[in-house]
Amino acid sequence: ARGDFVLGYLNGHLTVVGGETFGEAFNTGVTSIEWYDMENDCWSSSVDIFELPYSRFRFGGAVDAEQSRLYIFGGQGEAVANAYPIVDTVFWYQEFGSDYSAAGGYVTTFFGIL
């Protein structure tokens with residue numbers, strides 16, 4: 001199961017970024033992005049194409065639909081010595097065009113850290 005993610009509507013599909021999976025000892029950050037294609041009723045994942053630069057969970061997010069960007073800010077990183085460090089950067093994910101690949105996801109994407 002995946003929790004603490006950001007969900008946004010970009011380029012005609014739902015986009016899920018980041019979050020965490022729940023393990024026995026510690027929670028593990030997710031570095032993939034998933035897309036839900038409502039027209040075809042199917043999910044695709046970025047796992048075979050790319051991953052986020054680093055995992056982050058328990059964060060805030062916002063969508064800029066005009067620029068097809070999803071912003072992620074604050075939150076926590078992976079556990080270090082039984083503590084979750086605070087992340088103080090703003091990360092953004094952007095999709096360009098509508099070239100949705102058969103392998104899953106948009107082929108042309110861009111990440112940035114503000």
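**The S8–S9 hairpin**

In this predicted model, strands S8 and S9 form a hairpin with 4 residues between them. Ser68, in the turn, has a positive phi of about 55 degrees. S8 covers residues 60-64 and runs antiparallel to S9, with 5 bridges joining the two. Asp64 stands opposite Arg69 in S9.

**Nonpolar core**

The largest nonpolar core has 11 residues, including Val6, Leu10, Ile33, Trp35, Leu70, Ile72, Phe91 and Tyr93. At least two residues of this core come from each of strands S2 (6-10), S6 (33-37), S9 (69-73) and S10 (90-95). Val17, Leu52 and Phe59 also belong to the core.

**Aromatic pairs**

There are 2 aromatic pairs in the structure. Tyr36 and Trp43 have ring centres 5.1 Å apart and planes at 45 degrees, so this pair is tilted. Tyr36 is buried, at 18% relative accessible area, whereas Trp43 is exposed, at 53%.

Phe57 and Tyr84 form an edge-to-face pair, with 5.6 Å between centres and 80 degrees between planes. Phe57 sits in the loop between S7 and S8 and Tyr84 in the loop between S9 and S10, 27 residues apart. Phe57 is buried, with a relative accessible area of 0%; Tyr84 is partly exposed, with 23%. Arg58 lies over the face of Tyr84, at 5.1 Å from the ring centre.

**Confidence**

The chain averages a pLDDT of 75, and 77% of the residues score at least 70. Where pLDDT is low, the predicted coordinates should not be read in detail.

Technical notes
Residues numbered from 1 in each chain as written. Predicted model: local features only at pLDDT ≥ 70, side-chain atom pairs only at ≥ 80, totals over all residues. Heavy atoms only, no water. Core = buried A, V, L, I, M, F, W, Y, C linked by side-chain atoms within 4.5 Å. Buried < 20%, exposed > 50% of the residue type's maximum accessible area, 1.4 Å probe, protein only. Pairing = 2+ DSSP bridges. pLDDT = per-residue confidence, 0-100. Phe/Tyr/Trp six-rings, centres within 6.5 Å; stacked < 30°, edge-to-face > 60°. Lys NZ or Arg CZ within 6 Å of the ring centre and 35° of its normal.
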